[in-house]
Amino acid sequence: MKEYLEKTLRQIVTIKENNDLYDKLPLAFKGRYDILNVETNGMGWLAIQPKNDIGLVALRKDRAKVQNISGLNCAIFLRSTTPYIKEKLVEDGIPFVLKGKQVYLPFIGCLLSNSGERDIAPVDIISYLTQKLILMAIYERWNKVTVSEAATKLGVSKTSASRCFDEIEYLNVNILDTKGKARAVTVPSDIKQLWEQLQHILRSPVIRRYEFPNDIYLDKKAGITALCEYSLLSDNAYTTYAVTKKELSDTGVKKLKQVRKGEAIGCAVLEVGYFIDYNHKPIQDPLSASLSLTDEELQDERVMKSINEMLEEYVW
């Protein structure tokens, strides 16, 4: 880090480990960070350098604690990170140095652009294809699956798969890996923990819901009906089906007359953004089924219990 800073700032930089500050901090800091005294152009400041991967929330909190206790400006030294974390650090005005790539030290007036970094488009909402990739990776326990291999598994072009990898990188999903020099996806062993980390970025696969007075007997079951297939829960008085956007015209769903308010429902059809061929059965996969449920359905304690049982048996 010293050589990179000297080359970038074009000034002499001294970096020494600070062992005294640990005594004023929670015990966890010693195992989590190296704390460093840094001097640039006669100005002293501190840096914390994570020993392992640390989440954005913890980085913010821990840096602020070090800065408040020491009374000195404190930056974060990073060996690697994601575009998402970098963007948030800059938004929050948090100083950092990404070794070999970027320096952001506003307290000394150093605001530098990326160097050698790929530009990744911002992601406001995860795409259905990326969500499908992530869920397939979970079910199949992908290990170092490259962009080309992922494209084959998804049945899409390499360019489309590469965009999915970009989204995963931007959203800081903890499945990115490398295989040689290529990007790859590796799913961690603790699937349940991964799922909890993913909750805030995933979305319902349902684009639109149709309700008809009579059962139209489609092949694919979804939503609450799918959950009932995976558990002992009793289904509604009607069946819930799924159709993808490509299947809409073939099924004629859009041409059928829907029920009016207060009328009995014969079946419901969910237009979904993707459908995973889970266990080679025409039933929506467990994770997508749980994401497809309505707020009203999720308020039912029996439904929540059945979801937990389903995920425990079929996913975890």
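In which crossing, left-handed or right-handed, does helix 5 pass helix 8? Helix 5 passes helix 8 in a left-handed crossing, a term used if the near helix is turned anticlockwise from the far one by less than a right angle, with right-handed used if clockwise. The model discussed here is predicted, and local features need pLDDT of at least 70, side-chain atom pairs count only at pLDDT 80 or more, while totals for chains, interfaces and linings use all residues. Residues are numbered from 1 along each chain as its sequence is written, and side-chain values use heavy atoms, with hydrogens and water left out.

**Helix packing**

- Helices (H or I, at least four residues) and strands (E, at least two) are DSSP runs numbered from the N terminus.
- The axes of helix 5 and helix 8 come within 11 Å and cross at roughly 170°, where axes are lines fitted to C-alpha atoms, for helices over the stretch in contact, and angles run from 0 to 180 degrees between N-to-C directions.
- That angle makes helix 5 roughly antiparallel to helix 8, given that angles under 35 degrees count as roughly parallel, over 145 as roughly antiparallel, 65 to 115 as roughly perpendicular and the rest as oblique.
- I134, L135 and I138 of helix 5 meet I191, L194, W195 and L198 of helix 8 in this contact, which means heavy atoms within 4.5 Å.
- The residues of the contact of helix 5 with helix 8 comprise seven nonpolar, no polar and no charged, with Ala, Val, Leu, Ile, Met, Phe, Trp, Tyr, Cys and Pro counted as nonpolar, Asp, Glu, Lys and Arg as charged, and the others, Gly among them, as polar.
- Helix 5 and helix 6 (residues 147-154) have axes that come within 11 Å and cross at roughly 95°, and the two helices are therefore roughly perpendicular to each other.
- On the helix 5 side, the contact with helix 6 is made by L129, K132, L133, M136 and E140, and on the helix 6 side by A150, K153 and L154; these residues divide into five nonpolar, no polar and three charged.

**Pockets**

- The largest pocket has a volume of about 1400 Å³; on a 1 Å grid over the protein atoms alone, a pocket is an open set of points with protein on both sides within 12 Å along at least five of seven lines, whereas a cavity is a set where a 1.4 Å probe fits but cannot get out, and lining residues have an atom within 4 Å of a point.
- A volume is the space filled by probe spheres set on the grid points, which are joined across faces, edges and corners.
- The lining of the largest pocket holds 46 residues, of which S80, T81, T82, I85 and N172 lie nearest its centre, and helix 4 gives the most to this lining, with five residues.
- The second largest pocket has a volume of about 280 Å³, and the largest share of its lining, three residues, comes from helix 5 (residues 128-140).

**Cavity**

- A search of the whole structure finds one cavity of 30 Å³ or more, and about 30 Å³ of space lies in the largest cavity.
- R209, G223, I224, T240, L270, S292, T294 and E297 line the largest cavity, a lining with two nonpolar, four polar and two charged residues.
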